[in-house]
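Subject: A structure for you to look at

Hello,

Here is the structure I promised to pass on. Please have a look at it first, and then read my notes below.

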Amino acid sequence: MWIRSHSIVTKDATKEQMWKLFTDVNNWHKWDTEIDYAKMDGPFEKGNHFILKPKGGPKVKIELIETTPNRSFTDLTRFPLAKMTGEHRFEDTPEGLRITTTMKVEGILAFLWVKIVAQNIVDGLPAEMPAQVRYASSL
């Protein structure tokens with residue numbers, strides 16, 4: 001199993017603003033420069049799914065396996081012989097809002113999917129998470 005996390009702390013956005021940012025899946029392309037689009041029908045809740053089209057890559061179906069409004073959500077992407085989860089948490093601290101993204105890949109071909117997908121996601125988090133905050137602070 002492969003696991004990587006990245007956190008930032010900010011006073012520029014609230015957990016409610018961050019939740020609003022993420023639950024508006026159809027507008028992710030406005031703050032995520034690495035995707036062509038994300039499309040979701042129905043509510044942002046456990047059991048529902050969305051389609052994400054990364055730039056230069058194929059469309060991917062991503063399932064929501066946990067949603068706790070204004071606190072966290074976890075998504076699941078299934079690959080041949082591996083699966084990837086993304087856990088997104090929002091915690092109030094005395095220093096500000098701590099935002100943490102944890103990516104986990106497991107399965108027989110985990111090493112391959114880490115190389116093809118997951119490592120790129122993790123490498124992009126230090127730039128992407130402040131962009132999320134900037135966009136969320138205007139909501």
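Predicted model: local features only at pLDDT ≥ 70, side-chain atom pairs only at ≥ 80, totals over all residues.

Residues are numbered from 1 along each chain as its sequence is written, and side-chain values use heavy atoms, with hydrogens and water left out.

Let's start with the helices. Helices (H or I, at least four residues) and strands (E, at least two) are DSSP runs, numbered from the N terminus. Helix H1 covers residues 15-23 and helix H2 residues 110-136; their axes come within 9 Å and cross at roughly 105°. Such axes are lines fitted to C-alpha atoms, for helices over the stretch in contact, with angles running from 0 to 180 degrees between N-to-C directions. H1 and H2 are therefore roughly perpendicular to each other (angles under 35 degrees count as roughly parallel, over 145 as roughly antiparallel, 65 to 115 as roughly perpendicular and the rest as oblique).

Where they meet, H1 brings Gln 17, Met 18, Leu 21 and Phe 22, and H2 brings Gln 132, Val 133, Tyr 135 and Ala 136. Contact here means heavy atoms within 4.5 Å. The buried residues of H1 are Gln 17, Met 18, Trp 19, Leu 21 and Phe 22, where buried means under 20% relative accessible area, exposed over 50% and partly exposed in between (1.4 Å probe, protein chains only). Those buried residues pack against strands E4 (60-68), E5 (72-79), E6 (82-93) and E7 (96-106), as well as H2.

Next, the rings. Rings of Phe, Tyr and Trp (its six-membered ring) pair if their centres lie within 6.5 Å; planes under 30 degrees apart count as stacked, over 60 as edge-to-face and the rest as tilted. The count comes to 10 aromatic pairs. In one of them, Trp 19 and Phe 44 have ring centres 5.5 Å apart and planes at 90°, so the pair is edge-to-face. Trp 19 is in H1 and Phe 44 in the loop between strand E2 (35-39) and strand E3 (49-54), 25 residues apart. Both Trp 19 and Phe 44 are buried. Phe 79 and Trp 113, by contrast, are stacked, at 4.3 Å centre to centre with 5° between the planes. This pair links strand E5 to helix H2, 34 residues apart.

Now the cores. A nonpolar core is a set of buried Ala, Val, Leu, Ile, Met, Phe, Trp, Tyr and Cys residues joined through side-chain atoms within 4.5 Å. The largest has 25 residues, and those with the most contacts inside it are Met 18, Phe 22, Trp 28, Phe 50, Phe 90 and Ile 99. H1, E2, E3, E4, E7 and H2 each give two or more residues to this core. A second, separate core of 11 residues includes Phe 79, Ala 82, Met 103 and Ala 118.

Finally, two residues in loops. Asp 32 lies in the loop between H1 and E2, and is buried, with a relative accessible area of 8%. Arg 71 is found between E4 and E5. Leaving aside neighbours within four places in sequence, Arg 71 is in contact with Trp 19, His 88, Arg 89 and Phe 90.

Best wishes
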